[in-house]
Amino acid sequence: MFIRILSWLILSLAGVGVSFATEPLAKGIQDNSFLVEEAYNQEPGVVQHILNVLMTSKDGQKEISASFTQEWPIFSQLHQFSYTVPHTFIEDEHGFEDIRLNYRFQALMEDAQNPAFAPRFTLVVPIGDADKGFGHDQLGYEINLPFSKIVGDRWTVHFNAGSSLFPNVHDQDLLNYYLGASAIYAVSANFNLMVESVAFWEEDVDESKHVDRSVTALLSPGARYAFNFHSDAQLVVGLAVPIGLTSDSPDYGFFFYCSFEHSFVRRQLGPGK
C-alpha cells in the first residue's frame with residue numbers, strides 16, 4: 001500500500017510545472033540515488049564511477065553485496081552505456097554475481113513541465129555461480145523505466161518501474177517485477193536527506209523445477225554529501241538504513257554509497273586561455 005501511494009504521489013507531482021528564477025538547490029546533487037534509479041544520463045565528456053555496499057541481516061544471517069558501476073555517455077547525453085559488476089558474501093560463501101550491461105536512452109529532458117525519462121535495457125550476463133545462488137546460468141533481459149522531477153527549490157522525486165526475464169532456467173521462464181520511489185530534500189546544495197522505497201517480486205527455481213516466489217520490500221532513509229572540486233569533478237558519499245517491510249525482506253541493513261564523476265575529455269578553451 002505504501003508503494004502504491006508514494007508512486008501515485010510522484011507521478012502526480014511529475015506533472016506539476018515548476019519554474020525558478022535561479023538554479024534550485026535540488027540540482028546540486030542529481031544523479032546519485034542509492035536504491036532507486038534516477039533518469040539523468042551522463043553529460044558529454046563526463047564519466048561516473050559508483051561503488052555500492054549493502055550489508056543486511058535476516059534471522060541472524062549476514063549478507064554483504066558490493067557492486068561497482070561505470071557510466072559513460074555515448075557522444076551525447078541522449079545515449080549512455082554502463083556496466084555493473086556485483087560481488088556477494090554470504091557466511092562462508094562468496095563470489096561474483098551476473099554482470100549487467102546497460103544501455104539507457106534519454107527520452108525526455110527535464111524542463112518546467114516535463115519529468116526526465118530515461119528507459120534502460122540491460123543484458124544480464126551469466127558469470128555467477130548458480131549453485132551458490134549467485135545467478136541463473138542463463139542470459140537474462142531487464143528493462144527499467146525511471147522518471148525524475150524537481151518539484152520545488154529543495155525537492156526532487158524519482159519513480160521506477162521495471163521487469164526482468166530469465167528464459168529456460170531448469171525449463172522455466174522466470175519473470176520478475178520491480179517498483180521504486182524516492183523523495184529527496186536538499187538541506188543545502190551539497191547535503192541531501194532522502195527516503196527511498198523499493199519492492200521486488202521475484203521468481204526462482206530449483207533443480208526439481210519448483211518455482212519459488214518472494215516479495216522483498218524496503219524502506220530506506222538516508223543522507224548524502226557532495227564534495228566539489230575546481231576541475232568540475234564531484235565526489236558524493238552517502239549512508240542509508242534499509243528496513244524490511246515483508247517476511248521475505250531482510251530485517252535491517254546498512255547501505256554505503258560512493259560516487260566520483262570527472263571529465264575524460266579535455267575541455268575546449270577560448271582564445272587567450
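A: Let us begin with burial: a residue is buried when its relative accessible area is under 20%, exposed when it is over 50%, and partly exposed in between, with a 1.4 Å probe and protein chains only. Ser67 has a relative accessible area of 16%, so it is buried. The model is predicted, and local features need pLDDT of at least 70, side-chain atom pairs count only at pLDDT 80 or more, while totals for chains, interfaces and linings use all residues. Residues are numbered from 1 along each chain as its sequence is written, and side-chain values use heavy atoms, leaving out hydrogens and water.

Q: Where is Ser67 found, and which residues does it touch?

A: Two terms are required. Helices (H or I, at least four residues) and strands (E, at least two) are DSSP runs, numbered from the N terminus; a contact means heavy atoms within 4.5 Å. Ser67 belongs to strand β2, residues 61-74. Setting aside residues up to four places away in sequence, Ser67 touches Ile50, Leu51, Asn52, Thr84, Val85 and Pro86.

Q: How should I read a salt bridge?

A: Side chains of opposite charge can pair when their charged atoms come close. The criterion is a side-chain nitrogen of Lys or Arg within 4 Å of a carboxyl oxygen of Asp or Glu. The structure holds 6 salt bridges. One of them joins Arg120 and Glu37, whose closest N and O atoms are 3.0 Å apart. This pair links distant parts of the chain, 83 residues apart: Arg120 is in strand β7, and Glu37 is in the loop between α1 (2-14) and β1 (46-58).

Q: Are Arg120 and Glu37 buried or exposed?

A: Arg120 counts as buried because its relative accessibility is 14%. Glu37 is also buried, since its relative accessible area is 17%.

Q: Which residue forms a salt bridge with Arg100?

A: The partner of Arg100 is Glu142, with the closest N and O atoms 3.5 Å apart. Arg100 lies in strand β5 (residues 99-105) and Glu142 in strand β8, 42 residues apart, so that distant parts of the chain are linked. With a relative accessible area of 26%, Arg100 is partly exposed, whereas Glu142, with 14%, is buried. Salt bridges that share partners join Glu37, Arg100, Arg104, Arg120 and Glu142 into one network.

Q: Which residue meets Lys132 in a salt bridge?

A: The side chain of Lys132 meets that of Glu93, at 3.5 Å from N to O. Lys132 lies in the loop between β7 and β8 and Glu93 in strand β4 (residues 93-96), so the pair ties together parts that are 39 residues apart in sequence. Lys132 is partly exposed at 37% relative accessibility, and Glu93 is partly exposed at 38%.

Q: How is a positive phi to be read?

A: Most residues other than glycine have a negative phi. In Asp137, phi is near 60°, a positive value in a residue other than glycine. Asp137 is in the loop between β7 and β8, and it counts as partly exposed at 49% relative accessibility. Asp232 also has a positive phi, near 70°. Asp232 lies in the loop between β12 (211-228) and β13 (234-240) and is exposed, with a relative accessible area of 52%.
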